[in-house]
Amino acid sequence: MTPELTAFVMIVLFVLGFVMVIVGGVGFMRGNLVLMDNRSRIAQGSVLALAAFMFVAGIGVHFTGSSNTAFLKGQMAQTSRCELDGESAYPDARRGRSGIIGKYIVSCMASSGFDWTDQSQLCREAPVATNGYCYEPTAWFDRVVTQAQLAFN
């Protein structure tokens, strides 16, 4: 997904969440809104609570943007951080063929919750420790989202 499309989708979801909160709130307060004419107060309150939760959660994910919510982008950033740490820890090994920095990057990524894998097509093109596509998250939800992002990449 391109950054422009992502921004468009975020705006549409933001507006949709806002409208859901307003419609749910008005429906809950008035009890006879056209969309909720045949609904009970409990159903209306449930719709309002669900919409508010989705709205607040979406805003939180959007504004935090941490590696916990960034998935593939966070994985790439973590790979770069591990590479920088490895080069800082072993400055003399930068030009060498010892593989110390590569081993450091793989262990750093493992301690950050990523396993080495060469199953990705993008990893097979360059199976090196600095290739962020050669890792997959150990957490199942993160792995599913990252694989979905890779499918559309």
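User: Helices here are DSSP runs of H or I with at least four residues, strands are DSSP runs of E with at least two, and both are numbered from the N terminus. How many helices and strands does the protein chain have?

Analyst: The structure is a predicted model. Its protein chain has 7 helices and 2 strands. Along the sequence, they follow the pattern α-α-α-α-α-β-α-β-α.

User: What percentage of the residues count as buried?

Analyst: Of the 153 residues in the protein chain, 22% count as buried.

User: Let us turn to pockets. How much space lies in the second largest pocket?

Analyst: The second largest pocket holds about 190 Å³ of space. Its lining consists of 14 residues, and those nearest its centre are Ala93, Arg94, Ile101, Gly102 and Thr130.

User: Which helices supply at least two residues each of that lining?

Analyst: Two helices do: H4, covering residues 72-89, and H5, covering residues 100-111. The largest share comes from H5, which gives 4 residues.

User: How do the lining residues divide into nonpolar, polar and charged?

Analyst: The lining of the second largest pocket has 6 nonpolar, 5 polar and 3 charged residues.

User: You mentioned Gly102. Where is Gly102 found, and is Gly102 buried or partly exposed?

Analyst: Gly102 belongs to helix H5. Its relative accessible area is 25%, so Gly102 counts as partly exposed; buried would require a value under 20%. Gly102 and Glu83 are 19 residues apart in sequence, and their C-alpha atoms are 8.0 Å apart in space.

User: Next topic: which residues make up the largest nonpolar core?

Analyst: The largest nonpolar core has 9 residues, namely Cys82, Ala93, Ile101, Ile105, Cys108, Met109, Phe114, Ala129 and Tyr135. Helix H5 gives the most to this core, with 4 residues. As general background, nonpolar side chains tend to be buried together in soluble globular proteins.

User: Could we pick one member? What does Cys108 touch, not counting residues up to four places away in sequence?

Analyst: With those residues not counted, Cys108 touches Gln78 and Cys82. Cys82 is itself listed in the largest nonpolar core.

User: Now the aromatic residues. How many aromatic pairs are there?

Analyst: The count comes to 4 aromatic pairs. One of them joins Tyr90 and Tyr104, whose ring centres are 6.1 Å apart. Their planes stand at 75 degrees, so this pair is edge-to-face, a class that needs an angle over 60 degrees.

User: Where do Tyr90 and Tyr104 lie in the chain?

Analyst: Tyr90 is in the loop between H4 and H5, whereas Tyr104 is in helix H5; the pair links distant parts of the chain, 14 residues apart. Tyr90 is partly exposed, with a relative accessible area of 35%. Tyr104 is also partly exposed, at 27%.

User: And why is the pair of Trp116 and Tyr135 edge-to-face?

Analyst: The planes of the Trp116 and Tyr135 rings are at 80 degrees and the ring centres are 5.4 Å apart, so the pair is edge-to-face. Trp116 lies in strand E1 (residues 114-116) and Tyr135 in strand E2 (residues 135-137), so the pair ties together parts that are 19 residues apart in sequence.

User: Are Trp116 and Tyr135 buried or partly exposed?

Analyst: Trp116 is partly exposed, with a relative accessible area of 36%.

User: Which residues form one aromatic cluster?

Analyst: Phe71, Trp140 and Phe141 form one such cluster.

User: What about Tyr133?

Analyst: Tyr133 is found in the loop between helix H6 (121-125) and E2. Tyr133 is partly exposed, with a relative accessible area of 25%. Its C-alpha atom is separated by 10.0 Å from that of Thr146, 13 residues apart along the chain.

Conventions
Residues are numbered from 1 along each chain as its sequence is written. This is a predicted model: local features need pLDDT of at least 70, side-chain atom pairs count only at pLDDT 80 or more; totals for chains, interfaces and linings use all residues. Side-chain values use heavy atoms; hydrogens and water are left out. On a 1 Å grid over the protein atoms alone, a cavity is a set of points where a 1.4 Å probe fits but cannot get out, and a pocket is an open set with protein on both sides within 12 Å along at least five of seven lines; lining residues have an atom within 4 Å of a point. Grid points are joined across faces, edges and corners, and a volume is the space filled by probe spheres set on the points. Ala, Val, Leu, Ile, Met, Phe, Trp, Tyr, Cys and Pro count as nonpolar, Asp, Glu, Lys and Arg as charged, and the others, Gly among them, as polar. A nonpolar core is a set of buried Ala, Val, Leu, Ile, Met, Phe, Trp, Tyr and Cys residues joined through side-chain atoms within 4.5 Å. Buried means under 20% relative accessible area, exposed over 50%, partly exposed in between (1.4 Å probe, protein chains only). Contact means heavy atoms within 4.5 Å. Rings of Phe, Tyr and Trp (its six-membered ring) pair if their centres lie within 6.5 Å; planes under 30 degrees apart count as stacked, over 60 as edge-to-face and the rest as tilted.
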